[in-house]
Every structure is written in structure tokens, then in C-alpha cells.
Amino acid sequence: LVYYASPLTTIKEVLEKRDASSLYWPISCANIVNGMSWATYGLALNDWLLFAPNAVGAALGASQMALIRAYPSRGDGGGAGGERLETQRR
């Protein structure tokens with residue numbers, strides 16, 4: 001769970017600045033896919049010790065993506081989409 005929640009340590013900064021550049025979207029996507037995959041495997045095995053933490057991890061990844069979507073990067077080279085905004089300016 002610490003692995004999944006560690007990017008959310010900057011949640012206060014994201015909410016105060018209204019800028020999610022401290023969150024890197026490929027990592028958040030990977031967390032969602034990883035958590036969902038292991039949670040599905042745990043569910044198939046009926047292993048709740050495998051399912052529960054990975055389902056929570058997938059939910060935490062989804063919350064990271066929600067923050068990235070709600071507060072896009074301002075284009076100062078941040079990880080949440082600064083590249084996309086920079087190419088739009090050209």
C-alpha cells in the first residue's frame with residue numbers, strides 16, 4: 001500500500017497550487033493496471049490477502065489520475081502533461 005500511496009504525499013501541494021505537475025501520469029496508469037491485475041488474480045484465487053491491498057492500490061491510482069485530470073500541469077515542464085501543453089503552444 002505504501003508503494004501505491006507514495007505519489008499522493010504531494011496531494012496537499014497539488015490542491016494548494018491547483019497544479020498536478022508533481023504527479024507523473026504514466027506511473028499512475030501503471031499503478032492502476034498493476035493493482036487491477038493483481039486484484040483480479042487474488043479474486044480468482046479467492047485470496048483476500050492478495051485482493052484487498054491491490055484493489056485499494058488500484059483505487060489510489062485512480063485518485064491520482066483524477067487529480068491529474070482535475071488539475072492539469074501549467075506547462076512548466078511538469079510530469080502530468082507539461083509536454084502536451086508545450087506542444088500546443090508551438
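These are my notebook entries on a predicted model of one protein.

**Ground rules.** I number residues from 1 along each chain as its sequence is written, and I use heavy atoms for side-chain values, leaving out hydrogens and water. Because the model is predicted, local features need pLDDT of at least 70 and side-chain atom pairs count only at pLDDT 80 or more, while totals for chains, interfaces and linings use all residues.

**Overall make-up.** I looked up the elements and found 5 helices and 0 strands. I take helices (H or I, at least four residues) and strands (E, at least two) as DSSP runs, numbered from the N terminus. The order from the N terminus is α-α-α-α-α. Of the 90 residues, 32% are buried; buried means under 20% relative accessible area, exposed over 50%, and partly exposed in between (1.4 Å probe, protein chains only). The accessible surface is about 5700 Å², and 64% of it belongs to carbon and sulfur atoms. Accessible areas come from the Shrake-Rupley method with a 1.4 Å probe; for residues, only the protein chains shown count as cover.

I then checked contacts (heavy atoms within 4.5 Å). Of those between residues at least 6 apart in sequence, 68% join residues at least 24 apart.

**Asn54.** I found Asn54 in helix 4. It counts as buried because its relative accessibility is 11%. A polar atom of its side chain lies 2.8 Å from the backbone oxygen of Leu50. Beyond neighbours within four places in sequence, Asn54 touches Tyr4, Gly35, Trp38 and Ala39.

**Surface patch.** Trp38 came up again, in a nonpolar surface patch with Tyr41 and Leu45; together they have about 330 Å² of accessible area. Like charges are joined within 9 Å, nonpolar side chains (Val, Leu, Ile, Met, Phe, Trp, Tyr) within 5 Å. I placed Leu45 in the loop between helix 3 (25–44) and helix 4 (48–70).

**Ser63.** Ser63 is also in helix 4. With a relative accessible area of 28%, Ser63 is partly exposed. I noted that Ser63 and Leu8 are 55 residues apart in sequence but 8.8 Å apart in space, C-alpha to C-alpha.

**Confidence.** The mean pLDDT (the predictor's confidence in each residue, from 0 to 100) is 83, and 82% of the residues score at least 70. Helix 3 has the highest mean, 95, and helix 5 (residues 82–89) the lowest, 47. Over residues 80–87 the pLDDT is below 50, and this stretch has 16 contacts in the model beyond near neighbours in sequence. Where pLDDT is low, predicted coordinates should not be read in detail.

Terms used. Patch = residues over 30% accessible without salt bridge, like charges linked within 9 Å, V, L, I, M, F, W, Y side chains within 5 Å. Salt bridge = Lys/Arg side-chain N within 4 Å of Asp/Glu carboxyl O. Polar contact = N/O pair within 3.5 Å; in protein donor to acceptor, adjacent residues only side chain to side chain.
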